[in-house]
Amino acid sequence: MDKQVSSRSTKDKALRLNLDDKKYGTIVEIGAGQEVARNFFVAGAAAGTIAKTMSAYDMKFSDAIYGAQPDGRYVSKARVRAMMEQEFALVIERVGDIRSKSSRYFTYAATVAAKSFNRNNECHAWCGVRVQMYPGAEPSDIVVHVRMFDDNAEAQQQALGILGVNLIYAAYYYFEDPKRIIDSLTDNMKANRIEIDSIDFRGPYFDDINNQAKNIHLIRSHKTRAVMFKADGSVAVPADMLYKKNVLTIRGSFKPVTNLNVDMIEQGQKAFELLDDVNTDNTVVIAEISLNDRHGKDANISAEDMMERVKLLNLLGYNVMISDYTRYFSLRAYFRQYTKLQIGIVIGMVNIQQIFDDKFYEGLEGGILEGFGKLFPDHTRLFVYPELNDQGLMNDLTQVSVPSNLRFLYQHLLDNGFFTGIESSNPELFTIYSREILKQLSKGRGDWQHALPPVVADAIIEHKLFGFRS
């Protein structure tokens, strides 16, 4: 991010927009005051930019203006889009014929559930801007989902006011660089006040943008720790996907996803569904990929590489999560924000060795004991897939070798069901290694195809993924 982005204050941004008589539009905010509009008025000269500001707080009024949403929700993506569409159309209808032909119109909309006075509610917002990139153009949209972490409504409103100005400003001045748009959204805001866990670019000016790649950039831009994609490849809001769900996840590189990976997931799911009140209907299965290496450093995986992995996992019907988490207890804590139900993590025997390695907990004041305390506080289990040893024999949880000073801790976790062994459906799967398959792809078709689900092998060949050469 360049110095210009970081040095321009919220007031400076609002004033620059106000002084440009070619930019004109409306600001509608529901649920958290009129902080975005206020920033423009405080900056001065707002009459040249703002046609109207409004807050339709009452549900009857809101429905009468924007229509009732099918799901009945007021803080939703559908609602903010309805607000943007309605208000932008009104701007064009009412002033399009009387203002300069060089005008470029916009509408900013936000629907917010801020901190309630008398209850402990989820604090989040949908915010969006619909904007013309040049006079007479069909509009393009940017919509973000925001979680607020300030402990009072006033502070949350103030944070959203900054975000809104940043979003409108970025839409006009950084529209050629979506990464810069993302980077600028928290300008002039202290860290950890908000999280942006999804962003959606839509419209003619953003036709060539891959929303998956831009959502991955949210992690690298420190706007969130994780992003999620549904099985159809669309960007998911974690709170919506995980709410009141049991969660089963498996971490891997999935480059590419193999028959071994699929068996681990399927066997893990069978064991998971043996738990009380866990079934297919109330469980979400997620394949998780970390952007970090095992030491917590960025592995420098390109967005294109990551999207190829997501595409193949989606072909198999899996939801996918990309994160910058290294330790498993951080992964558990992430899921626990959204659900109080069961959490299962499928791992291999090699991962057991890792989590019983003291070096894995460097930087934690309580070391390995703190790590385990954070991993298993409630309704969390590890499902451990076996392996073949050097003699070709099957190793399971009973053959795990841990440091002597930790053997009683391991036995305690095993006896109390925190670790559960799962079986392999086919011993031949243990001969599958993703790294060996990758080496073979440059040579074209071959035996490697049998190690992958057919739909995955076909996609690699058709789209020439991971260096495949025909």
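Colleague: Helices here are DSSP runs of H or I with at least four residues, strands are runs of E with at least two, and both are numbered from the N terminus. What sort of model is this, and which pLDDT is needed for local features?

Modeller: This is a predicted model: local features need pLDDT of at least 70, side-chain atom pairs count only at pLDDT 80 or more, and totals for chains, interfaces and linings use all residues. Residues are numbered from 1 along each chain as its sequence is written, and side-chain values use heavy atoms, leaving out hydrogens and water.

Colleague: Is N192 buried or exposed?

Modeller: Exposed, because its relative accessibility is 66%. The cut-offs are under 20% relative accessible area for buried, over 50% for exposed and partly exposed in between, with a 1.4 Å probe and protein chains only. H379, at 43%, counts as partly exposed.

Colleague: Switching to the sheet: in what order do the six strands come?

Modeller: The order is 2-1-3-4-5-6, in an open sheet with mixed pairing. Two strands pair if DSSP finds at least two bridges between them. Strand 2 (50-54) and strand 6 (194-202) are the edges with a single partner strand each, so one side of each has no neighbour in the sheet. On average, neighbouring strands are turned by 10° against each other, direction ignored.

Colleague: How many bridges link strand 5 and strand 6?

Modeller: Eight, in the antiparallel sense, with strand 5 covering residues 140-148. M148 has I194 of strand 6 as its bridge partner, and V144 is opposite I199 in strand 6. Strand 4 and strand 5 are also antiparallel, over eight bridges, with A125 opposite V146 in strand 5.

Colleague: How many residues of strand 5 are buried?

Modeller: Nine of its nine. S140, I142, V144, V146 and M148 point one way, while D141, V143, H145 and R147 point the other way.

Colleague: Nice. Cysteines next: how many disulfides are there?

Modeller: Zero in the whole structure, where a disulfide is a pair of cysteine sulfur atoms within 2.5 Å.

Colleague: Last one: at what angle do helix 2 and helix 3 cross?

Modeller: Helix 2 (residues 10-18) and helix 3 (residues 35-43) cross at roughly 75°, their axes coming within 8 Å. Axes are lines fitted to C-alpha atoms, for helices over the stretch in contact, and angles run from 0 to 180 degrees between N-to-C directions. Contact means heavy atoms within 4.5 Å; the residues that meet include L15 and L17 in helix 2 and F40 and V42 in helix 3.
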